[in-house]
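Colleague: I have a model open and some questions about its packing. Can you take me through it?
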Amino acid sequence: MTLNRTRVFLGVLASLLLVWSVWAFATRASYSDTFRDGDVKCPFLAMAPPPQSNLWSFARGAQANGMDLGMAVFVGTQITYYQKGLAAVLRLEAPDLHRLDQVPTISHDDRYAVHLPKLREMAAEMEVDGRLTLQQLVEMKLWVAEQTGVANPSDPSRIETALAFIRAGGDQQTWTVDTDELFTLLSGKRPTVDAVVTPGDLSRVREQAKWPRSADAN
């Protein structure tokens with residue numbers, strides 16, 4: 001099955017799971033999972049790691065972090081599929097948060113978090129009135145990619161940039177974001193702003209961000 005056909009299939013499956021997962025939540029959800037600092041490599045999930053008892057509890061946890069519920073179900077389904085296979089998806093298993101760096105087609109090495117001290121220095125030189133532009137976030141991601149030997153940031157890597165901009169309270173009129181809020185998020189902590197990531201917002205921000213042609217070729 002090609003990647004595009006797989007994504008279409010998962011999109012349909014995720015819609016069905018919105019109903020099916022209500023049953024799973026009612027019968028076996030548990031919020032007793034515990035995590036050690038540094039285990040979860042995605043800053044969005046690290047600020048309040050969702051439970052891993054099942055897909056629904058994972059999605060509700062991601063929703064509490066600021067992600068649209070339907071989008072959270074889709075993302076959770078996709079990661080579970082690539083980590084564990086279709087059988088795990090049908091069992092409504094949640095993603096393994098401790099192996100987010102081992103997800104084919106989704107994981108990427110060029111993560112902001114690895115280079116936060118240097119990025120903070122770069123931000124201090126670029127910011128105006130304590131704010132960075134979306135395009136400056138792109139520039140920082142391209143710098144991170146260069147440091148990690150990634151020639152072309154992948155689609156998931158570019159999505160991370162848009163996701164960070166939105167969840168840190170980025171303004172879609174001025175296309176700027178508060179520097180402190182951004183680095184709070186990138187450090188795996190909850191920003192003070194209450195921003196929700198929706199598919200529509202993610203699409204708009206991704207369209208606004210300008211990547212080099214070589215990156216778009218991926």
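Modeller: Start with Leu132, which touches Ala123, Met126, Glu127, Leu137, Met140, Trp175, Thr176, Val177, Thr179, Leu182 and Phe183, leaving aside residues up to four places away in sequence. Contact means heavy atoms within 4.5 Å. This is a predicted model, where local features need pLDDT of at least 70 and side-chain atom pairs count only at pLDDT 80 or more, while totals for chains, interfaces and linings use all residues. Residues are numbered from 1 along each chain as its sequence is written, and side-chain values use heavy atoms, without hydrogens and water.

Colleague: How many residues has the largest nonpolar core?

Modeller: It has 37 residues, and Leu132 is among those with the most contacts inside it, as are Leu137 and Phe165. Such a core is a set of buried Ala, Val, Leu, Ile, Met, Phe, Trp, Tyr and Cys residues joined through side-chain atoms within 4.5 Å. Buried means under 20% relative accessible area (1.4 Å probe, protein chains only).

Colleague: Which helices each supply at least two residues of this core?

Modeller: Among them are α7 (134-147) and α8 (155-167). Helices are DSSP runs (H or I, at least four residues), numbered from the N terminus.

Colleague: And Gln136, what does it touch?

Modeller: Gln136 touches Met126 and Arg131, again not counting residues up to four places away in sequence. Gln136 sits in α7 and is buried, at 14% relative accessible area.

Colleague: Back to α8. Why is it largely enclosed?

Modeller: Because eleven of its 13 residues are buried, including Pro156, Arg158 and Glu160. After α8 comes Gly169, with a positive phi near 90°.

Terms used. Buried < 20%, exposed > 50% of the residue type's maximum accessible area, 1.4 Å probe, protein only.
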